[in-house]
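Thanks for sending this one over.

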Amino acid sequence: MLRNRTGRRTGTRRERRAQRRENRRPGPPGPYTLLPWLLMGMGSFSNLFQGEAPNPWLGGLGLFVFNSLYISVVFRGFDKRKRESPVSYWLLAAMAVVTFGLAIGYGGSWLLFFPLLSLACGTILRNRRLAAGLLSLAAVATVIAVWRGNGGSDPWTIGYGTFISGAVTAAILTLAETVMELRATRQELARTAVEKERLRFSRDLHDLLGHTLSVIVVKSEAARRLAPRDMHAALLQVADIESVGRQALTEIREAVTGYREGSLATELDRARSALAAAGIEPELRRSGPPLAPQAEALLGWVVREAVTNVVRHSHATTCMFVVDGTSERVRLTVTDDGYGPDPDAPATPGIGGTGLTGLTERLAAAGGFLEAGPGPERGFVLTAELPVDGPGETDPADATALPGTRSR
């Protein structure tokens, strides 16, 4: 985290500014944005107030019921669960009955309740129901307007306004819902990317440090044993420790930036050096065509983890690496003749098990598998197989570890 001259965290400040910008972006319209359209009924209210409508008490009751139903339907339309509830459709049907009664009974400005009914339909109905409802409602509104005799052009204006008000409302609300879903998806993708990067870094750091520290411990023990009788050989071990440490620093930097690519040949050379320093004789048998960089990197990680386990736990005298490849798949088998960890030695939880679990996930994501367990007679056998030109590595969290995989 970078800090400015005042010592404050600039990264956190940038994140807060980005969050404020995100919050200032316009969101979807709310139900209150549709309430001002009720002013279209002011003409009907004026008729009642001036005494121009017959049965004013009945008209006033109808106006009150219509406005109440309109507000209820509009507010339910902005809640998906309530919008798809049967209650919403019953309320919309009741609103339609009131609208038909007022339009047939009074005509004139009362016909403007049809566009309001259509607008309410646009908040509730979707897809085919919306299209059928709007077309039917526009046709009925036009017929009633013609029947009430409101002039030559007014009926078609009422029909067109009825259809377009519901269609535009439904389109705006659908678009707003889609935008909100896209925002939520983008936030989820960002969170998943952060988690994936954390997993990659923790996995690479574990594999790097677990192997490197094991090699440093083994070579330090070898230097301590050689120092009393052969100082030159001890100094060579110390020089190897320095080289391993420098190489570890480079690999950690590469792991942090995400650009580290392993090499099977390089890891096998390091394995020989680490095993020889631990008094274990390495053997290598390799056949098959050259491997793709993806397969090289994955098998390099397998060799690194296998050597770490052999040096720390096996008490072996020999360790054999067999790389057998074809044009389609490659198999790596690591076998030692040890007898496992010392039961009286203190346990080192998390190193071996975590390493083999991570390798299992990596190979599974690349179309391969990893098996580990005791040998037929003694020792431990680790087998890794994957396609020569496998797919790119995916999120290890999505890969499923094969049953039966065990580490020591």
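This is a predicted model: local features need pLDDT of at least 70, side-chain atom pairs count only at pLDDT 80 or more; totals for chains, interfaces and linings use all residues.

1. Glu267 is buried, with a relative accessible area of 3%, where buried means under 20%, exposed over 50% and partly exposed in between, using a 1.4 Å probe and protein chains only. Glu267 forms a salt bridge with Arg270, with 3.4 Å between the closest N and O atoms; a salt bridge here is a side-chain nitrogen of Lys or Arg within 4 Å of a carboxyl oxygen of Asp or Glu. Arg270 is partly exposed, at 25%.

2. Residues are numbered from 1 along each chain as its sequence is written, and side-chain values use heavy atoms, with hydrogens and water left out.

3. How many salt bridges are there by this rule? The count comes to ten. Among them, Arg191 and Glu188 meet at 2.2 Å, N to O, and both lie in helix H8, three residues apart. Arg191 is partly exposed at 39%, and Glu188 is partly exposed at 37%. Helices (H or I, at least four residues) and strands (E, at least two) are DSSP runs, numbered from the N terminus.

4. Another pair to look at is Asp240 with Lys219, whose closest N and O atoms are 3.3 Å apart. Asp240 lies in helix H9 (residues 231-257) and Lys219 in helix H8, so this pair ties together parts that are 21 residues apart in sequence. Lys219 counts as buried at 3%, whereas Asp240 is partly exposed at 30%. You will also find Arg83, Arg126 and Glu177 linked in a network of salt bridges.

5. Leaving aside residues up to four places away in sequence, Ser165 touches Pro115, Ser118 and Leu119, contact meaning heavy atoms within 4.5 Å. Arg203 is in helix H8 too and counts as buried at 11%. Arg203 and Thr357 are 154 residues apart in sequence, and their C-alpha atoms are 9.9 Å apart in space.

6. Now the sheet, which is open and has five strands in the order S1-S2-S3-S5-S4, with mixed pairing. Its edge strands are S1 (281-287) and S4 (369-374), each pairing on one side only. Two strands pair if DSSP finds at least two bridges between them. S1 and S2 pair in the parallel sense over seven bridges, and Arg285 stands opposite Val322 in S2.

7. Strands S2 (residues 318-325) and S3 (residues 329-336) run antiparallel and are joined by seven bridges, with a hairpin of three residues connecting them. Gly325 has Val330 in S3 as its bridge partner. S3 also runs antiparallel to S5 (residues 380-387), through eight bridges, and Val334 stands opposite Leu382 in S5.

8. Which helices lie across the strands? Helix H10 (residues 264-277) lies across S1 and S2, at about 160° to S1. Helix H11 (residues 293-314) lies across S1, S2, S3 and S5, at about 175° to S5. Axes are lines fitted to C-alpha atoms, for helices over the stretch in contact, and angles run from 0 to 180 degrees between N-to-C directions.
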